[in-house]
Amino acid sequence: MFLFFGVTGVMLTHDSFGMDQMVATNTEGKIAAEVASKSEHAAVESAVRAAFHISLPLINFSESDDELELTFAGPARRAQVFIDRDSGECQVTLEDRGMVGLLADLHKGAETGWAWRYLLDVVSVWIVLSSITGIIMLLAMPKRRALGLVFGVLGGLITIAAYAVYVPR
């Protein structure tokens with residue numbers, strides 16, 4: 001997991017080195033007008049899933065007097081559906097960001113579900129505990145303590161200075 005976070009962190013910092021390409025596909029279709037005209041979320045969602053073969057989790061369902069909007073999303077993939085309530089006509093945009101987008105979303109925990117977010121929390125605690133035990137071990141070694149503390153403080157100061165000088169505010 002450390003390697004995964006290191007590699008994907010560098011990818012995110014450098015905009016995936018230009019390899020993160022989104023492919024958007026627009027399509028049209030229709031669901032039954034009687035389903036679109038009612039406000040039964042489950043029926044509309046089911047009809048859209050069947051008509052457009054969407055398996056992603058539903059993250060948004062919005063309705064106005066003349067239109068419904070459904071958004072489905074998962075790591076590196078998204079589907080946005082606009083439905084005319086009177087006719088059942090649908091405008092669908094499917095987005096796919098490929099493997100690089102998948103890795104980036106897994107790194108961030110974006111649209112990954114509770115299990116992956118829980119795993120990220122566990123790994124984050126593991127990293128913190130590893131860091132703390134490293135500091136404790138450093139402090140327990142008299143020969144390396146002074147140099148280790150100097151490098152630790154120096155690393156902290158460099159980080160603060162880089163933020164103060166280079167990060168726009």
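This is a predicted model: local features need pLDDT of at least 70, side-chain atom pairs count only at pLDDT 80 or more; totals for chains, interfaces and linings use all residues.
The secondary structure of the protein consists of 6 helices and 5 strands. Along the sequence, these elements are arranged in the pattern α-β-α-α-β-β-β-β-α-α-α. The C-alpha atoms occupy a box of roughly 80 × 30 × 30 Å along the principal axes. The radius of gyration of the protein is 24 Å, whereas a compact globule of 169 residues would have a value near 15 Å. Of the 169 residues, 23% count as buried. The protein exposes about 11200 Å², and carbon and sulfur atoms supply 64% of that area. Among contacts between residues at least 6 apart in sequence, 46% join residues at least 24 apart.

Helix H6 comprises residues 142-166. At 1.5 Å a residue, its 25 residues should span 36 Å, and this agrees with the 36 Å that separates its end C-alpha atoms. Helix H6 is hardly covered, since the count of buried residues among its 25 residues is 1.

A search of the whole structure identified 1 aromatic pair. This pair is formed by Phe4 and Trp116 in an edge-to-face arrangement, with 6.3 Å from centre to centre and 85° between the planes. Phe4 lies in helix H1 (residues 2-13) and Trp116 in helix H5 (residues 114-140), so the pair ties together parts that are 112 residues apart in sequence. Trp116 has a relative accessible area of 22% and is therefore partly exposed, because a residue counts as buried under 20% and as exposed over 50%.

Key
Residues are numbered from 1 along each chain as its sequence is written. Side-chain values use heavy atoms; hydrogens and water are left out. Rings of Phe, Tyr and Trp (its six-membered ring) pair if their centres lie within 6.5 Å; planes under 30 degrees apart count as stacked, over 60 as edge-to-face and the rest as tilted. Helices (H or I, at least four residues) and strands (E, at least two) are DSSP runs, numbered from the N terminus. Buried means under 20% relative accessible area, exposed over 50%, partly exposed in between (1.4 Å probe, protein chains only). The expected span of a helix is 1.5 Å times one less than its number of residues. The radius of gyration is taken over C-alpha atoms; the globule rule is 2.2 Å times the number of residues to the power 0.38. Contact means heavy atoms within 4.5 Å. Accessible areas come from the Shrake-Rupley method with a 1.4 Å probe; for residues, only the protein chains shown count as cover.
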